[in-house]
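Me: I would like to go through this structure term by term, asking each time what the word rests on. Could you set each value against its definition before you conclude?

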Amino acid sequence: MDSIIVKGGQELHGSIPIAGAKNACLTLMPATLLTDEPLTLTNAPRLSDIATMSTLLESLGVEVSGLQDGQVQVLSSRQITNHTADYDIVRKMRASILVLGPMLARDGHAVVSLPGGCAIGARPVDLHLKGLEALGAELDLRDGYVHAKAAKGLKGGTFEFPVVSVGATENILMAATLAKGTTVLKNAAREPEIVDLADCLTRMGAQIDGAGTSTITIQGVDSLHGATHPVIIDRIELGTYMLAPAFTGGSVELLGGRLDLVEAFAAKLDEAGISVEAGENSITVSRKNGRVNAVDVVTAPHPGFPTDLQAQFMALMCTANGVSVLEERIFENRFMHAPELMRMGANIDVQGGTATVTGVDKLKGAPVMATDLRASVSLILAGLAAEGETVVNRVYHLDRGYERVEEKLSACGAQIERVKGNV
Ligand code: EPZ
């Protein structure tokens, strides 16, 4: 397994291009199952999760091409030749559950492995299933698989989500595009990735109103056609790299950055005393020397503070001036980066879903372990400012969601390199 070595202390100056959003692409790709015509996604990021989704779709009979050239992904599911999403693939990536709704809507039947939990929580899929039942699906859970049927096709219905769920909103939204009649989704997720999915489905001929609000209305249509759609930029990669100069001092321009995608996060950076300036098609973040201010954070569904930026922000608060309280309200176990940051000298007290961080002058480099995607990158950010050398192990987590992180950071002056693992 590869490791990444970071030598702290370098100010960062330069620019970082922001890639297409992993979490948008992972729902846009299964949308190809809704039509027998090609769907072309431009600005698709080069990530291992995208490769995993490609493998899953190919196992269902989808032709995938152009993954690497110029970030174009052409998907064509002329005919779904296999309606079973295997546990072997699904267990590697939970987003695989997103083939369930489209396959069921297209052909009236689908068998998808239950994804199981992951490091940050149990990650149930009950809302995906209840939402599909509201559209008339008959579901049978056995041997760890969901056996779904809709012999006469799905029919429009109303479903209110008891908790906001990004994936379940995406699954039911896709299924509803081909259901007979009108579907109304209440307490729907409002993430920009939902808006991007609705934009793509609309280009394919779907009739959708209200994406980005808590109530989405879909008029079912008989069929969808192919389209070309640019994947929205990755607001979590954007937020992650906006933090880099906040750790080291200096000034970094995030190319393609859109402030409207990270408003709650940018407001917290401003509170911490970091300068955030929107340009024509970029955001520039800079920090003069001196410590950042301690700031409290509560994670929430969009447009609140994103849970996917909590670990990175906690790492910044480790050397802030004062005490910061971070509440993680989306997932039940998303503080695994805390013990690793404490190995670097951080002072963090975790009580259930609340972490209290008392800022220290400096962190010290140390060997640390990546446990999940966002925790991994928070350790790299901490290493940028720590005294000495930080070795982040098990960086395969990182490669799931960050394209060429060492290249992007070293281009701005960071001393960072990847060491190939021997296993
Ligand atoms: C998506 O996961 C993202 N993944 C996650 O990003 C992100 O953290 C999360 O949304 C929240 O923003 C992708 O888009 C591929 P949820 P998802 O359904 O859809 C509970 C990353 O780092 N819930 O919004 O799985 C659930 O347990 C990843 O890129 C149910 O109870 O998240 C959680 O507490 C990590 N039943 C809450 O809802 C369900 O059926 C929010 O989960 C579904 C979810």
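Me: Which atom of the ligand does a polar side-chain atom of arginine 94 lie 3.3 Å from?

Reply: It is an oxygen atom of the ligand, at 3.3 Å from a polar side-chain atom of arginine 94. Please keep in mind that this is a predicted model, in which local features need pLDDT of at least 70 and side-chain atom pairs count only at pLDDT 80 or more, whereas totals for chains, interfaces and linings use all residues. Residues are numbered from 1 along each chain as its sequence is written, and side-chain values use heavy atoms, with hydrogens and water left out.

Me: What makes a pair of atoms a polar contact?

Reply: A polar contact is a pair of N or O atoms within 3.5 Å; within protein, one must be able to donate a hydrogen and the other to accept it, and residues adjacent in sequence count only if both atoms are side-chain atoms. Aspartate 308 has a polar side-chain atom 2.6 Å from an oxygen atom of the ligand, and for arginine 374 the corresponding distance to a ligand oxygen atom is 2.7 Å. The protein covers 85% of the 830 Å² of accessible area that the ligand has on its own, an area computed by the Shrake-Rupley method with a 1.4 Å probe.

Me: Which residues come nearest to the ligand?

Reply: Asp126, Leu127, Asp308, Ile330 and Arg374 come nearest, out of the 23 residues around the ligand; a residue is near a molecule if one of its heavy atoms lies within 4 Å of it. The shell divides into 11 nonpolar, 5 polar and 7 charged residues, where Ala, Val, Leu, Ile, Met, Phe, Trp, Tyr, Cys and Pro count as nonpolar, Asp, Glu, Lys and Arg as charged, and the others, Gly among them, as polar.

Me: How many cavities of 30 Å³ or more does the structure hold, and what makes a space a cavity?

Reply: The structure holds 1 cavity of 30 Å³ or more. On a 1 Å grid over the protein atoms alone, a cavity is a set of points where a 1.4 Å probe fits but cannot get out, whereas a pocket is an open set with protein on both sides within 12 Å along at least five of seven lines, and lining residues have an atom within 4 Å of a point. The largest cavity has about 50 Å³ of space, and among the residues lining it are Asp308 and Arg374. By class, that lining has 2 nonpolar, 1 polar and 6 charged residues. The second largest pocket, by comparison, has about 320 Å³ of space, and its lining has 6 nonpolar, 6 polar and 6 charged residues.

Me: Why is the pair of phenylalanine 265 and phenylalanine 305 called tilted?

Reply: Rings of Phe, Tyr and Trp (its six-membered ring) pair if their centres lie within 6.5 Å, and planes under 30 degrees apart count as stacked, over 60 as edge-to-face and the rest as tilted. By this rule the count comes to 5 aromatic pairs. The ring centres of phenylalanine 265 and phenylalanine 305 are 5.8 Å apart and their planes are at 55°, so this pair is tilted. The two residues are 40 residues apart, and the pair links distant parts of the chain.

Technical notes: Grid points are joined across faces, edges and corners, and a volume is the space filled by probe spheres set on the points. Helices (H or I, at least four residues) and strands (E, at least two) are DSSP runs, numbered from the N terminus.
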